[in-house]
Amino acid sequence: KGVQPFFVSCCARAYAPGAPVAMDGAPGTFRRDDRVQVWSASQKAWLEGRVVEVVSEPTTTEEGHTVPAGTIRIATARSVMLVPPGKVSEVVRPVSDEAALVAVVAPGAGVKANKAVYSDLKRDARFRVQVLGARGGNYDRYPEYWDGGSPPPNLESFAGDLLNEGNIMRADCIVAGSRGGQVVIPAIWRALGSASPPVVVINGGCAMHTPGPHVAWPVNAVTILVLGGEDYFRSGLPSAEYIASTKRRVPTGNTSTAILFIREMEHMPQTSLMQILLASLLLAAIYWRASGRTPSFELRSIIKDLEAKGWNGQLSNLDASGRWIDVPYGSKGIDPVSPVKALSAPSAKTPSELAADQEDQKAHQLEISIAAKEKELEQLRAELIECRDKSRCLRQTALIERHQAGQATPPAAASGYQKGQKVHYWSVTQSGWLECEVTAVRARDGAIQVSVKPDYWIHGEEQATRVRPTGGGGASSSAGAAAYPAARQQVGGAPPP
């Protein structure tokens, strides 16, 4: 492929707003012995090289040519190249040996359907891949402000868990798709703002008109949206309008967004397509954030690879002035708006198509029934939590009344846990029990904080299902163990029901 492996040296660090990026070609940007890649116009490729000299004062060659200060002398396998300071930012880029951390938001990203693609990514020495969460978890559902949505745990609370556990801030790039792009990415943007890592959003969910809070798209966010012409997220819009409406969602002033429209892409991208796209898009997004420069060469190399494999569509990206640059690719480009075609009568459906329509209708009715049952179940759970909370408060009141009457001494907390006690905490993102300790206890309601989730009070049903004693480490361990259902006492067992 035309794109060679690369990482800017600062790409594997969390991005602080306003952090300097050494890409302007000024003296001191590169140092002797730095690994770099230099663009060869004659070979039309990036060549691996090493800086052998950074000219500090103007000099003259034996041929009488003036070499200005800031010129970089680079040794490649075939020759030594001189790059003047005014061209450094265009034809030289630094290289780092450190692999980039890629966070994959599992719900909606197709980690099972495209397992082969993600497996290849994990084997790629340029990346460290961390899959966050899992499809079908108890949080894999829309928030309650969506039609048919549910209260926590849901995708919005899942995003909060990811942020609290620090997985997002450590990432060099995030991959999300479908509902992950609709809910998780906007939640990350609201929380982190300009410090948000670059994102590759399959299906472009963050650029859709969705219910709930306004999508606070950071002006400096690096975002690559992948849209499909066969994706139901398109909602029947003509391709040109679909792309245009997506552009309108990008905030004014942003200069770091690209939209890759692929005419034949379905909602779950085909494996052969993802094998072309994923790694190259990640590299482009990471480089864009680290350098502050549009990765035009890398993006155009991607559409050349797509075109070579018979895919069609359009690449649109913002340049440094905030202007959209549109580049169609393939022999078909994007679907034209055809009034004649739109008015023509539909052809008769085959028996298989009619049968498929019936199955779709049945599936739709089942989805409605499941949503109704889930809503009923959530109401029952809410009533159960309310009953438990009332019971706990009444028993705490009774203990205080007995204490005031001199009949008994109330415990430190109604939960039975004590500060410093060793416990296990169920981590949603890691799908397992984490050993930790109680760091704070709130006497009035028995809420606790644990070392792996600081500044977060755990109480009620959440405490009952996600915290369990280890059997030691505190005076009240036996009380906590007695209060915890016996079926959940086994260390390393299955997740809470």
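The following questions and answers go through a predicted model of one protein chain.

Residues are numbered from 1 along each chain as its sequence is written. In this predicted model, local features need pLDDT of at least 70 and side-chain atom pairs count only at pLDDT 80 or more, while totals for chains, interfaces and linings use all residues; side-chain values use heavy atoms, with hydrogens and water left out.

Student: How many helices and strands does the protein chain have?
Tutor: Helices (H or I, at least four residues) and strands (E, at least two) are DSSP runs, numbered from the N terminus. Counted this way, the protein chain has 11 helices and 20 strands.

Student: What share of the residues in the protein chain is buried?
Tutor: A residue is buried under 20% relative accessible area, exposed over 50%, and partly exposed in between (1.4 Å probe, protein chains only). The protein chain has 497 residues, and the buried part of them is 44%.

Student: What is the mean pLDDT of the protein chain?
Tutor: pLDDT is the predictor's confidence in each residue, from 0 to 100. In the protein chain 81% of residues reach 70 or more, and the mean is 81. Over residues 1-28 the pLDDT is below 50, and this stretch has 68 contacts (heavy atoms within 4.5 Å) beyond near neighbours in sequence. It also stays under 50 over residues 472-497, but the mean for the protein chain is 81.

Student: How many contacts beyond four places in sequence does the model have for residues 472-497?
Tutor: The pLDDT of this stretch stays under 50. Beyond four places in sequence, the model's contacts for residues 472-497 number 48.

Student: How many cavities of 30 Å³ or more are found in the whole structure?
Tutor: On a 1 Å grid over the protein atoms alone, a cavity is a set of points where a 1.4 Å probe fits but cannot get out, and lining residues have an atom within 4 Å of a point. Grid points are joined across faces, edges and corners, and a volume is the space filled by probe spheres set on the points. The search of the whole structure gives 3.

Student: Which classes of residue make up the lining of the largest cavity?
Tutor: The largest cavity holds about 70 Å³ of space, and its lining includes Tyr145, Trp146, Gln182 and Arg190. Ala, Val, Leu, Ile, Met, Phe, Trp, Tyr, Cys and Pro count as nonpolar, Asp, Glu, Lys and Arg as charged, and the others, Gly among them, as polar. By class, the lining has 7 nonpolar, 2 polar and 1 charged residues.

Student: Which element gives the most to the lining of the second largest cavity?
Tutor: This cavity has about 40 Å³ of space, and its lining divides into 8 nonpolar, no polar and no charged residues. Strand S11 (199-202) and helix H6 (271-291) are the elements that give two or more residues to it. With 4 residues, the element that gives the most is H6.

Student: Is serine 178 buried or exposed?
Tutor: Serine 178 sits in the loop between strand S10 (173-177) and helix H4 (179-192). Leaving aside neighbours within four places in sequence, its contacts include Gly108, Asn203 and His267. Because its relative accessibility is 7%, serine 178 counts as buried.

Student: How many Å separate serine 178 and phenylalanine 233, C-alpha to C-alpha?
Tutor: In sequence the two are 55 residues apart. Phe233 is one of the residues in contact with serine 178. From C-alpha to C-alpha, the separation is 8.5 Å.

Student: Which residue does a cis peptide bond join to proline 152?
Tutor: The omega of this bond is about 0°.

Student: Is serine 235 buried or exposed?
Tutor: Serine 235 has a positive phi of about 55° although it is not a glycine. Its place is in the loop between strand S12 (223-230) and helix H5 (239-249). With a relative accessible area of 58%, serine 235 is exposed.

Student: Where is aspartate 455?
Tutor: Aspartate 455, a residue other than glycine, has a positive phi near 60°. At 70% relative accessibility, aspartate 455 counts as exposed. Its place is in strand S19 (residues 453-458).

Notes
1 Å grid on protein atoms, 1.4 Å probe; cavity = no way out; pocket = protein on both sides within 12 Å on 5 of 7 lines; lining within 4 Å.
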